Amino acid sequence: MVRWGMVIDLTRCMGCRTCMVACKVENNTQEGAFWMFVYKEEERLPWMPGFEPGRQFPNANLEFMPKPCLQCDEPPCVQVCPVKATFRREDGIVLINYDHCIGCKYCIQACPYASRYFNGKSKETGYYYNWAEEGTNVYGTGSVSEHITQVPPYQNPDHDQKYMGRADYPGGPTMYESGGIAYKGVTTKCTWCVHRIDSGLKKDLTPGIDREATPACAVACPVNVIHFGDLDDPESNVSKLIASRNYVVLKPELGTKPRVYYLLERGVIK
Amino acid sequence: MINPAEEPVWGLLIATYPFITGIVAGAFIVSALAHIFNKRQYLPLTGLALIIAFSFLLAAPIPLALDLGRPERAFLIYLTPSPSSAIAVFGYLLITLIVLYIVEAFFLFRPAYAKKAQAATIPGSPRHLFGALYGLLARGYSPSSLTRHEKAVKILVAIGLPLAPPFHVYAGFLFASVKAREMWASPLTSIAFLLSAIASGAALVALIYAIIGRKERKTEILGSLMVLVGWVLILDLAFFFTDISYLAYTATESWSLITQIYSGPLLGSLIFQILVGSAIPLILIAIPRVRTSTAGVLVASLLILAGVFAYRWNVVIGGQLLAKLEATLLTYTPTPFEIYGSIFSVAVAFIIVAIFVYVVPWREVEASYIKPIGREAEVRK
């Protein structure tokens, strides 16, 4: 059984945020939604928690932490959804059925990693660009400035497909499907570019190795910070990384069992 | 730049909702006092409290529907049930309680309907506006079925009583079970919610009864009800201070940020909740002359209600001001839509109360059920 996982090498991340841009372009996320978000940790000032005297100027340091949705094995967001609009696939990816979501925002409260975003704006006013106006000045709508002239946007043709959920949920597989562009009033989140993964698998590509089948953030990163692959395959890149280097996960004490592993130390340790 | 996913998404509307459900739970418990706990002194309040509970129950979904991104899909809670979700449980309890209250109201008020319908048939008596309605509802009722009716009410109250507090405890659980939010995740939150709910519901019943109740035994009834409210307030304060003391003593990583929230954006509402909403009403209730007077009950009840609303604000909004992955504080300002929506929801509840208070003969409940206390229980017509 395939179990997707992601390994993020924090020793290499330089905070360029190309992954954030790539995610926004690939998924046409709305204004204010950053399915991939890069946190910046600066020196702590004395009143902040975690203040360390030795880390003040000139010993200050900047650290960056990219955070997509961690696609937890025990997702609290799935537990609290009142209509089962969000669900976890067998391969580990947590998805949202935009046709089912009622926009109660309970999942946003329940996510310990602030990975979910509520779509408060309509397609026409809030989206990065509006593909419906393809061929015209599509950059004039949404949050990109009007002076950019006609350049057809990149639109991943697989983005509008429906991808299947769990067959064993009540209602059957057709209820648990996701995909398409989320419209106003629902909650959205990072899907590990499941549309790329699914269509890549159909073409016999390997997600994590072949760029077409890998999440956009992993593909776009210029310094190979983000690795993606099958955790159940001991020969995959991610399995080898977590077997050979020390890793942490975010907030393990909450019992969510996230599938994103952060490497903190360089070199092979074990 | 702060991750926009950290911004508060539940606002004033979601703070109003547990305020309304709290009144439902509290008012229902007051209504149950006479039947379940056999405190006959509260019988005049039974009908009124049930009306208040039911009216606020009907108004409870309004702030939620206004806050939902897709309210037209709200019925999906029933079509694709998700019992692990506290919000879904609200939907199930809501329907159950609405049906239960309608049936209980039918049995509780039916003897009073019969009396009114009978009084309307006496030649020369003024035609009551709802005489025909009363007659319809009382059709088939005879004085000998009074005991059956009272038994039915007792059974329904016995069913409803374990359901009404959970209707609000789960609202507390809705927040308390979110392990992602440190300021919410505490087992004490659920119980503290219930206690403040009982205080607010009972205070509202006392408030309305003080205005429209019968003069004869008003002081006695108000006095005992306000004493009950006082004890609940004391328990509520105890839970609150236990919670804060634990957080302050254990002083985990985010405590320094939590103190900034309590001393910053929440300072006013916190002082309001403790001093104005709990301490001052307790002082008023402790004075017998004040707690039995209409004016005293009015002031104390209004302060309690405002204090409980401040408590809901502190929990719902305050808990979201602490960021999840960053050592930072967030801000929240209610939008005009949320302000009007909250006022509208509470206003609808009061309008429904007013309508029912006018239509339903809640004052006659006592006379129709009263039995002399003693060995011979006589059923009066």
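## Salt bridges

A salt bridge is a side-chain nitrogen of Lys or Arg within 4 Å of a carboxyl oxygen of Asp or Glu. This is a predicted model, where local features need pLDDT of at least 70, side-chain atom pairs count only at pLDDT 80 or more, and totals for chains, interfaces and linings use all residues. Residues are numbered from 1 along each chain as its sequence is written, chains are lettered from A and ligands numbered from 1 in the order in which they are written, and side-chain values use heavy atoms, leaving out hydrogens and water.

Over all chains, the rule counts 13 salt bridges. One of them joins Arg196(A) to Glu26(A), with the closest N and O atoms 3.0 Å apart. This pair links distant parts of the chain. Arg196(A) sits in helix α5 (residues 194-202) of chain A, and Glu26(A) in helix α1 (residues 18-27) of chain A. They are 170 residues apart. Helices (H or I, at least four residues) and strands (E, at least two) are DSSP runs, numbered from the N terminus.

## Where chains A and B meet

The contact (heavy atoms within 4.5 Å) takes 44 residues from chain A and 41 residues from chain B. Together the two chains bury about 3400 Å², 59% of it on carbon and sulfur atoms. Buried area is the accessible area (1.4 Å probe) that two parts lose on being put together, summed over both.

The rule finds 1 salt bridge across this interface. Asp67(B) pairs with Lys105(A), the closest N and O atoms being 3.4 Å apart. On the side of chain A that touches chain B, the elements giving two or more residues are β2 (37-41), α2 (76-80), α3 (106-110) and β6 (116-118) of chain A. α3(A) gives the most, with 4 residues.

## A nonpolar patch on chain B

Which residues form a nonpolar patch on the surface? They are Phe75(B), Tyr78(B), Leu79(B), Ile95(B), Val99(B) and Val103(B), with about 550 Å² of accessible area together. Accessible areas come from the Shrake-Rupley method with a 1.4 Å probe; for residues, only the protein chains shown count as cover. Patch residues have over 30% relative accessible area and no salt bridge; like charges are joined within 9 Å, nonpolar side chains (Val, Leu, Ile, Met, Phe, Trp, Tyr) within 5 Å.
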